[in-house]
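Here's a quick tour for anyone meeting this structure for the first time. Have a look at the sequence and the 3D view, then read on.

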Amino acid sequence: MVKQKSRYVCQKCGFSFAKWAGRCENCGEWNTLLEQIVPTDAEVKTALAKGAVSGKKLDAVSINTIEPSDAGSRLLTGFQDFDIVLGGGILLGSVNLLAGQPGMGKSTILMQVCSNVANSGRNVLYVSGEESAGQVKLRALRLGASSDKLHFASSASGNDIAKTIEEGNYDLVIVDSIQTLSMAEISSAPGTVSQVSNCGNLIIRAAKSSDTAVIIVGHVTKDGTLAGPKVLEHLVDVVLNFEGDRYGGFKTIRAVKNRFGSTTEVAIFEMADKGLKEVKNPSEVLLAERQNTDGSIIMATIEGARPLLVEIQALVNSTNFGYPKRTASGFDLNRLNLLIAVLEKRTKLKLQDKDIFINVVGGLRLNDSAADLAICMAIASAAAGRKLNDKIVVFGEVGLGGEIRSVASADRRIAEAKKLGFKNAIAPATIKDKFVLPVKDLRAALVKYMNNK
Ligand code: TYD
Ligand code: MG
């Protein structure tokens, strides 16, 4: 018999090597090489020949004759906006991943969801690999979660959890968290890629076969990537990101992937003493504590599909020594540096010896290009010690030439500003609306509206 040849194939990039190594030389990932037997040419040929005849013709049907999955098979979370983010509730048989930093409130909101779903008459199971029954009960008491249909189990075994789901006794199962689980057949530690992806796969298979809705909790690292279970994102049906300020402020849940709904919606929450509460009028809450000082600008942004007014604050100080410091909370630092460069080049502001700090109030993270103009005006306002009229909101994208560019959903931004009693919006000149004070470039915007001491 001929000796079988094997190759070491990188599980990330697919490159193969003759020898094993700790690190793939092609893509640089660690611990991704796995041994695979290379079939001989003859084997490949026979396999292909066999494969060609062993297949069966697929029974395809016209899409018009297919019955849609039952729309009534969605579990309502008890949070209106959360249901909308999910596409109308949690679909039975779907596997959802809720990802967020530790301490964000994942266990809290899921306990609330469990209680609400159980109280609607469904059987619910909460499995925790992190906390004991007593600890979970303490949280449940605090949240007022109680129901005969709400069950708890403490387990870190992927096998046991999958088996339990497969039995089909529960409509909703929470797995908190995937990083604590391990499968008996795999020797690596909990939280490693192989444990996470294999446990994930087991649970997904069980959920699909028993039509059980499953929510898996995943911890993310500081930079926002899923720790370990990046692989899981491709396997599950829905990926929900739970973001925001861990210590007060708003928290948002949005779907970054949703096989059964859109990814434009967002639910906004606040942590209270009895768990998370939905914030229905975020603009009002955000503006309630505002003081109109210099460096403060109200921006009309779009969070998900809804308009939102947020305050952007800038602080500009002289640099004490050496390199000026630039810090942004709630805004991309690279974008801030770019905007500072544009301000220096296209206006008369001198910022090279200034420390600049930007803060987006309320713990929100702005991913909206329309924030550019508001950031620039906040910096200019702080640098010159001049205020903007407090009945004016700002939005617009700033180009490298200092030109103000148009942005999406201008009408919704304007409508929100009107609703909250603002009188005008400094905005791109392309918008035709009496409410808008049109500006074509950054310099003109500063000269015209930033001159009242
Ligand atoms: P937790 O849900 O345990 O976070 P995660 O599961 O994402 O790690 O709790 C987050 C924080 O919320 C915790 O530090 C305590 C706080 N908290 C409240 O402020 N009010 C409450 O009612 C509860 C249950 C928790
Ligand atoms: Mg937790």
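What follows goes from the whole chain down to a few residues.

## The big picture

First things first: this is a predicted model. The protein chain has 453 residues, and 45% of them are buried.

The secondary structure comes to twelve helices and 23 strands. Now for contacts between residues with a separation of 6 or more: 66% of those in the protein chain are between residues 24 or more positions apart.

## Three domains

How is the protein chain divided into domains? Domain 1 covers 5–52, domain 2 covers 70–280 and domain 3 covers 284–449. Taken over C-alpha atoms, the centres of domain 1 and domain 3 are separated by 53 Å.

## Two helices side by side

Next, zoom in on helix α5 (residues 158–167) and helix α6 (residues 193–210). Their axes come within 8 Å and cross at roughly 10°. That angle is under 35 degrees, so α5 counts as roughly parallel to α6.

Which residues of α5 and α6 make the contact? On the α5 side they are Gly158, Asn159, Ile161, Ala162, Ile165 and Glu166. Helix α6 brings in Cys199, Leu202, Ile203, Ala206, Ala207, Ser209 and Ser210. Sort the residues of this contact by type and you find eight nonpolar, four polar and one charged.

## Cysteines without a bond

How many disulfides does a search of the whole structure find? The count is zero. A pair of cysteine sulfurs has to be within 2.5 Å to qualify. For Cys27, the closest cysteine sulfur is in Cys24, at 3.7 Å, so the two are too far apart for a bond. Cys27 is partly exposed, with 31% relative accessibility.

Is Cys199 buried or exposed? Its relative accessible area is 0%, so Cys199 is buried.

## A glycine in a loop

Last stop: Gly55, which sits in the loop between α1 (41–54) and β4 (74–75). With a relative accessible area of 53%, Gly55 is exposed.

Gly55 and Ser209 are 154 residues apart along the chain, and 24 Å separates their C-alpha atoms.

Conventions. Residues are numbered from 1 along each chain as its sequence is written. Chains are lettered from A and ligands numbered from 1 in the order in which they are written. This is a predicted model: local features need pLDDT of at least 70, side-chain atom pairs count only at pLDDT 80 or more; totals for chains, interfaces and linings use all residues. Side-chain values use heavy atoms; hydrogens and water are left out. Buried means under 20% relative accessible area, exposed over 50%, partly exposed in between (1.4 Å probe, protein chains only). Domain bounds come from an automatic or database domain assignment. Axes are lines fitted to C-alpha atoms, for helices over the stretch in contact, and angles run from 0 to 180 degrees between N-to-C directions. Helices (H or I, at least four residues) and strands (E, at least two) are DSSP runs, numbered from the N terminus. Angles under 35 degrees count as roughly parallel, over 145 as roughly antiparallel, 65 to 115 as roughly perpendicular and the rest as oblique. Contact means heavy atoms within 4.5 Å. Ala, Val, Leu, Ile, Met, Phe, Trp, Tyr, Cys and Pro count as nonpolar, Asp, Glu, Lys and Arg as charged, and the others, Gly among them, as polar.
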